[in-house]
Amino acid sequence: MPELPEVETVRRGLEPYVTGAHIDKVTLNRKDLRFPFPEGFKAALEGATIESTGRRAKYLLFRLSTGKTWLSHLGMTGAYRFEDFKFKEPSRYYEPDEDRKHDHLVLELTHPEHGSMKLIYNDARRFGFVDLYEHEADSPYLEGLGPEPLSNAFNAAEMAERFAGKKAPMKAALLDQRVVAGLGNIYVSEALHRAHIRPDIEARTLVLKSGKPSKRLEDLADGVRTVLIEAIDAGGSTLRDFRNAEGNSGYFQHRFAVYDRESEPCPTPGCRGVIKRIVQSGRSTFFCPVCQH
DNA sequence: CCACTAACCTGTAGGC
DNA sequence: TGCCTACAGGTTAGTG
């Protein structure tokens, strides 16, 4: 499910209901997700209040009144949902899932305005995980991440530095979280199509000799930014069963230009190409062999 | 340091 | 209906 736009959609869905909520009780339905729950996780959360939410790359962050930070990664299939929660507007009332066997973490919350509710983490494949820190800066997962693609720290010149000398294909370079933080398999294909760049050329070929960015790298930075912004505006993409915490699905998948569109005509105006699927480092890449070069 | 593969785990879609 | 295979949004450990 979750690349940067989906994680941001989840954060925005949780934010109004968990900010200011007191954590009354935490239940762990197993001892591990991808990794064991950290030592003292339950005890650290119980009795604390969630003061704010955040996101870095694909990591969700919950800052607690105790000063500690709870980090959550959704892996491939992780999802949060609310239960026992009465929305003020009845149309947004969420019917709980019937399949609870992958409910791994349950937080019982009391919110000053919204009352009591449960926040439940469900994750079929258990590639997700949580962690806990005295200070956010202690997180090994956040260390070494590249710039947030929607911040000023991300631009073509900055990418040029990180692409310099890289023989890896563009696809792999953009998936590398140390280069840009938050892109995944879908949005890499989409961003490269927007910039008309083939996914299988070496990353270093877009850097000029002086180390300065080329026009094509400027286009790529634009492609990354615009696709992420549009996807967030659409509430993320829904493949399989992704829902945000309010039970709504995203709509961006209807706007994929190339992802999962093998054999369909290329949507670039005037282009007569047909979308092709190739496999790079074990994962599908979709692109147009005519307008991407 | 770089580049690539296998592995983690479960569910689902498609072929027969 | 059932059985089998391929594949799925991510990251890490291991190899060369």
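The model is predicted.

**Surroundings of DNA strand B**

- By class, the residues of the surface near DNA strand B comprise six charged, four nonpolar and two polar.
- Sugar or phosphate accounts for 64% of the atoms of DNA strand B within 4 Å of the protein, and bases account for the rest.
- Lys101 places a polar side-chain atom 3.2 Å from a phosphate oxygen of DNA strand B.
- Lys167 has a backbone N or O atom 2.7 Å from a phosphate oxygen of DNA strand B.
- For Ala168, a polar backbone atom is 3.0 Å from a phosphate oxygen of DNA strand B.

**Helix 1**

- Helix 1 covers residues 4–18, and its end C-alpha atoms are 20 Å apart; this agrees with the 21 Å that its 15 residues should span at 1.5 Å a residue.
- The helix is mostly covered, with 12 of its 15 residues buried.
- The buried residues of helix 1 are Leu4, Pro5, Glu6, Val7, Glu8, Thr9, Val10, Arg11, Gly13, Leu14, Tyr17 and Val18.

Note on methods: Residues numbered from 1 in each chain as written. Chains lettered and ligands numbered in written order. Predicted model: local features only at pLDDT ≥ 70, side-chain atom pairs only at ≥ 80, totals over all residues. Heavy atoms only, no water. Near = heavy atom within 4 Å. Polar contact = N/O pair within 3.5 Å; in protein donor to acceptor, adjacent residues only side chain to side chain. Nonpolar A, V, L, I, M, F, W, Y, C, P; charged D, E, K, R; others polar. Helix = DSSP H or I, 4+ residues; strand = E, 2+ residues; numbered from the N terminus. Expected span 1.5 Å × (residues − 1). Buried < 20%, exposed > 50% of the residue type's maximum accessible area, 1.4 Å probe, protein only.
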